[in-house]
Amino acid sequence: MSLLYYVFGLFVAGPFIEWWIHYTIHKPPPLVYHKNHHLAYYKKDPIYEIWVIPVIYFLYLLGCYIAALGFAKYTVVHNLIHYFPGLFPKLTRHHQIHHENPKVNFAVSATFPDTFFNTRSKYFPSELKKI
């Protein structure tokens with residue numbers, strides 16, 4: 001596989017797939033684990049995204065390297081924006097808005113899928129009240 005294939009898969013197609021998965025798990029009934037992740041945000045005690053490690057390993061064993069790398073990228077970015085928010089301030093804000101309004105900002109490692117699907121909000125609910 002060429003480098004272009006991996007770059008496109010990780011940084012263009014991957015965020016759209018990530019958006020779709022995240023959007024889907026917010027549909028009723030929401031996954032309990034994900035609901036707990038949102039509740040932990042309010043307790044200022046985020047949960048490490050470790051559920052994805054067996055998924056990454058399984059995809060790797062199947063030879064789905066681009067999917068395994070995509071899940072790994074998502075996991076690293078998601079954990080970094082929760083535990084080290086200053087590293088990616090724009091992504092952190094984007095994701096924190098999602099935690100306060102779970103009907104918007106489903107992408108984690110990029111913002112353009114939310115722009116494309118018209119699910120992007122640049123404002124916290126409290127900021128919208130002031131506008």
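Colleague: Leaving aside neighbours within four places in sequence, which residues is Val-77 in contact with?

Modeller: Val-77 touches Leu-91, Val-108 and Ser-109, where contact means heavy atoms within 4.5 Å. Please keep in mind that this is a predicted model, in which local features need pLDDT of at least 70 and side-chain atom pairs count only at pLDDT 80 or more, while totals for chains, interfaces and linings use all residues. Residues are numbered from 1 along each chain as its sequence is written, and side-chain values use heavy atoms, with hydrogens and water left out.

Colleague: What makes a set of residues a nonpolar core, and which residues form the largest one?

Modeller: The name is for buried Ala, Val, Leu, Ile, Met, Phe, Trp, Tyr and Cys residues joined through side-chain atoms within 4.5 Å. Here the largest such core has five residues: Tyr-74, Val-77, Ile-81, Leu-91 and Val-108. Helix 4 (residues 65-83) gives the most to this core, with three residues. In soluble globular proteins, nonpolar side chains tend to be buried together.

Colleague: How many helices and strands does the chain have?

Modeller: There are seven helices and zero strands. Both are DSSP runs numbered from the N terminus: helices are H or I with at least four residues, strands are E with at least two.

Colleague: Why is Trp-19 called buried?

Modeller: Buried means under 20% relative accessible area, exposed means over 50%, and partly exposed is in between (1.4 Å probe, protein chains only). Trp-19 has 6%, so the residue counts as buried. Over the chain, buried residues make up 34% of the 131 residues.

Colleague: What makes the pair of Trp-19 and Phe-117 stacked?

Modeller: Rings of Phe, Tyr and Trp (its six-membered ring) pair if their centres lie within 6.5 Å; planes under 30 degrees apart are stacked, over 60 edge-to-face, and the rest tilted. The rings of Trp-19 and Phe-117 have centres 4.1 Å apart and planes at 25°, so this pair is stacked. Trp-19 lies in helix 1 and Phe-117 in the loop between helix 6 and helix 7, so the pair ties together parts 98 residues apart in sequence.

Colleague: Which kind of aromatic pair do Tyr-23 and Phe-106 form?

Modeller: Tyr-23 and Phe-106 are edge-to-face, at 5.1 Å centre to centre with 85° between the planes. Tyr-23 is in helix 1 and Phe-106 in the loop between helix 5 and helix 6, so parts 83 residues apart in sequence are tied together. At 3% relative accessibility Phe-106 is buried, whereas Tyr-23, at 27%, is partly exposed. Both residues are in one aromatic cluster, whose members include Phe-16 and Phe-112.

Colleague: How do you know that Arg-93 and Glu-127 form a salt bridge?

Modeller: The term asks for a side-chain nitrogen of Lys or Arg within 4 Å of a carboxyl oxygen of Asp or Glu. For Arg-93 and Glu-127 the closest N and O atoms are 2.6 Å apart, and the pair qualifies. Arg-93 is in helix 5 and Glu-127 in helix 7 (residues 125-130), so the bridge ties together parts 34 residues apart in sequence. A search of the whole structure finds one salt bridge. Arg-93 is partly exposed at 32% relative accessible area, and Glu-127 is partly exposed at 25%.
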